[in-house]
Amino acid sequence: MFTGKKKEYISQLVNENNVIGALAIDQRGALKKMMGKFQEDEVAESKISEFKKVVSSELTKYASSILLDPEYGLDGAKVRDKDSGLLLAYEKTGYDAKVKGRLPDLLSMWSVKRLKEQGADACKFLLYYDVDEDIKINEQKKVFIERIGSECLAEDIPFFLELVSYDSNNGDTSTKEYALKKPHKVIDMMKEFSNPRYGVDVLKVEVPVNMDYVEGYGNGEFVYTKEEAMKFFKEQSEATNLPFIFLSAGVSAKLFQETLKFAKLSGSKFNGVLCGRATWANGVDEFILKGEDSAREWMKTQGRKNIQELNDVLNKTATPIIID
């Protein structure tokens, strides 16, 4: 599956069961907004960096690896647990809403070579993608990913591609209307970027359905029965020959754990998670309102509980990655 040095790098990112149980805190704009809710002043960049250090130093003891960004996360990378691998993000945060297509962009002062020089065991790139969008926009995105794949190949370092679906005609992905479209959009983009021409080693993806609209999981009207949702999870798993891991998409820790159990029951062969806000989000208010010591105590108690409970579920549900 993995060639050359990529085998060694992937081995740094998995746990003892060859499953990826990674912690994600590469958020930049989103984290700034989360912090901004608790203060009137502009959020200082130093605050963002300090919070990432707190998360990394306290929670990587329980994670196989951590995803950080080179803008605010390098100090956090230095204080991670010695046994925790490192992924570094290569994309600029967010996208230019004034330009159609949610076009991707790179951090201008970075390259895959430079990420590698900072100790990265993998390069991660986030791509917003709508399989039904104008072909000219999607061709730009395909070429963009080909370039990053070529960079990673040249540096012999794993390429993790994070795919986030959307509807170019309606920006609200929380609606019933989008829930009906989501399986097609998620599964078809996975098929596209599993093509070897892109050089992707691991896909980081959404679950194929909005669990709020699954019978027995949401609080209101559902659009999928449990059986229908299970079929989509199975179809997603069969859509790629690459290892793939789930992102938490900001849902609660409990719902994410229940989703992984549901995926397993469905026959999904997912290989782990890169879980962010579901683990540490509620520690933000502790950090801003009460300070670093309070945030550290939260991480040592509730944060640790969140990640250990997730690890327990993960080791019962995820499929080991075949590295050799």
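Analyst: Helices (H or I, at least four residues) and strands (E, at least two) are DSSP runs that are numbered from the N terminus. The model discussed here is predicted, with local features needing pLDDT of at least 70 and side-chain atom pairs pLDDT 80 or more, while totals for chains, interfaces and linings use all residues. Residues are numbered from 1 along each chain as its sequence is written, and side-chain values use heavy atoms, with hydrogens and water left out.

User: Which residues of H1 are buried, and within what arc do they fall?

Analyst: Burial is judged by relative accessible area (buried under 20%, exposed over 50%, partly exposed in between, with a 1.4 Å probe and protein chains only). In H1 the buried residues are Lys-6, Tyr-9, Ile-10 and Leu-13. Seen down the axis of H1, with directions taken from the helix axis to the C-beta atoms, these buried residues line one face of the helix, because they fall within an arc of 95 degrees.

User: Where does Asn-18 lie, and what is its phi near?

Analyst: Asn-18 belongs to the loop that runs between helix H1 (6-13) and strand E1 (20-24). With a relative accessible area of 27%, Asn-18 is partly exposed. Its phi is positive although the residue is not glycine, and the value is near 60 degrees.

User: Is Asp-156 buried or partly exposed, and at what relative accessibility?

Analyst: Asp-156 sits in the loop between helix H6 (135-155) and strand E5 (159-165). The phi of Asp-156, a residue other than glycine, is positive and near 55 degrees. Asp-156 counts as partly exposed, because its relative accessibility is 22%.

User: How many Å separate Asn-195 and Ile-157 in space?

Analyst: Asn-195 is found in the loop between helix H7 (176-193) and strand E6 (202-205), and it counts as partly exposed, because its relative accessibility is 33%. In sequence, Asn-195 and Ile-157 are 38 residues apart. In space, their separation from C-alpha to C-alpha is 18 Å.

User: How far apart in space are Asp-75 and Asn-138?

Analyst: Asp-75 has its place in helix H4 (residues 74-78). Since its relative accessibility is 35%, Asp-75 counts as partly exposed. Asp-75 and Asn-138 are 63 residues apart in sequence, and their distance in space, C-alpha to C-alpha, is 36 Å.

User: Which elements give two or more residues to the lining of the largest cavity?

Analyst: On a 1 Å grid over the protein atoms alone, a cavity is a set of points where a 1.4 Å probe fits but cannot get out, a pocket is an open set with protein on both sides within 12 Å along at least five of seven lines, and lining residues have an atom within 4 Å of a point. Two or more of the lining residues come from each of E1, strand E8 (272-275) and helix H12 (292-317).

User: How many charged residues are in the lining of the largest pocket?

Analyst: The largest pocket holds about 1200 Å³ of space and is lined by 43 residues, with Val-164, Leu-247, Ala-249, Gly-250 and Arg-277 nearest its centre. At least two lining residues are supplied by each of helix H2 (29-36), E4, E5, H7 and helix H9 (253-266). Classes are assigned by residue type (Ala, Val, Leu, Ile, Met, Phe, Trp, Tyr, Cys and Pro are nonpolar, Asp, Glu, Lys and Arg charged, and the others, Gly among them, polar). The lining of the largest pocket then has 17 nonpolar residues and 13 polar ones, and the number of charged residues is 13.

User: Which element gives the most to the lining of the second largest pocket?

Analyst: The second largest pocket contains about 270 Å³ of space. Of the 16 residues that line this pocket, Pro-196, Gly-199, Val-200, Asp-201 and Leu-242 are the closest to its centre. By class, the lining has 7 nonpolar, 7 polar and 2 charged residues. The element that gives the most to this lining, with 3 residues, is H6.

Note on methods:
Grid points are joined across faces, edges and corners, and a volume is the space filled by probe spheres set on the points.
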